[in-house]
Amino acid sequence: MNIIEGFIFGFLGSLHCVGMCGPLALALPLPTNSSAQKAAGALLYNVGRAFTYGILGLIFGLLGAGLKLSGIQQWVSIACGVIMILSVVLPGVIKMPKSSNKISTSIYTTLKKKIGDSLNRKRLSNLLVIGVLNGFLPCGLVYVAISRAVTSNTISDSVIFMVFFGLGTLPLMFAVAYFANIIKSRFLHQMRKAMPVFIIILGLLFILRGMNLGIPYISPEFKEETQEVKCCH
């Protein structure tokens, strides 16, 4: 289930990836001496992103296991959905603490510098490094995917979801990188304009998921683990 769900989520969300990370994909130092090497470079870049998402799935899967044990997993899903919708309907109302913004800015600046340095190295293997670093860049869609990973039933489910989320973004992002010479910035701008609607839809799906309605893929039941207590008389 997590394989299908993660891939579909990533595939649909790749519109966001094109809008936000498209400029980086267009700037990739892909080999130009052969179509095969160019395709291999674009593939390595996207595999690197999927690898990073898997690492994030492991980290937040561990956190999700703790949330499941404390019985608040489904409430986390509902809260995430509400926050996502409010961020579109009431922009500017939900703000990150200044300390969080400083940390995020520091991480972004460091990653941006490392990626910039990597873009100047025209080696095929270096494209994998760029993809791995790209996966750590602050991204709203990745945050949403992480929120979903936190509500997974097991740690392995969380990792699988995040890996296939990354692979789901691969087809469109691969196309953008490979056909960079014919992609126009206007197309990337149109992708950004479509994001509010996409975020609201995802927010509604997160709320439904947390409502425990027993609908496959959309609102599966959260099964609480119980332990039998045996009393000796």
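Tutor: Rings of Phe, Tyr and Trp (its six-membered ring) pair if their centres lie within 6.5 Å; planes under 30 degrees apart count as stacked, over 60 as edge-to-face and the rest as tilted. By this rule there are six aromatic pairs. Please note that this is a predicted model, in which local features need pLDDT of at least 70 and side-chain atom pairs count only at pLDDT 80 or more, while totals for chains, interfaces and linings use all residues. Residues are numbered from 1 along each chain as its sequence is written, and side-chain values use heavy atoms, with hydrogens and water left out.

Student: Why is the pair of Phe7 and Phe11 called stacked?

Tutor: The angle between the planes of Phe7 and Phe11 is 10°, with 6.5 Å centre to centre, and the pair is therefore stacked. Both residues lie in helix 1 (residues 2–26), four residues apart, about one turn of the helix. Helices here are DSSP runs (H or I, at least four residues), and strands are likewise runs (E, at least two), numbered from the N terminus.

Student: What makes the pair of Phe9 and Phe161 tilted?

Tutor: The planes of Phe9 and Phe161 stand at 45°, with the ring centres 5.9 Å apart, so the pair is tilted. Phe9 belongs to helix 1 and Phe161 to helix 7, so this pair ties together parts that are 152 residues apart in sequence. Ring pairs also link Phe9, Tyr53, Phe161 and Phe165 into a cluster.

Student: How do you know whether Phe161 is buried or exposed?

Tutor: Buried means under 20% relative accessible area, exposed over 50%, and partly exposed in between (1.4 Å probe, protein chains only). Phe161 has a relative accessible area of 1%, so Phe161 is buried. Phe9, with 11%, is buried as well. Phe7, at 33%, counts as partly exposed, and so does Phe11, with 43%.

Student: Which residues of helix 7 are buried, and where do they lie?

Tutor: The buried residues of helix 7 include Asp157, Ser158, Phe161, Met162 and Phe165. Seen down the helix axis, the buried residues of helix 7 fall within an arc of 165° (taken from the directions from the axis to the C-beta atoms), so they line one face of the helix.

Student: What makes Lys38 a charge over the ring of Tyr178?

Tutor: The rule asks that NZ of Lys or CZ of Arg be within 6 Å of the ring centre and within 35 degrees of the ring normal. Lys38 lies over the face of Tyr178, at 4.8 Å from the ring centre.
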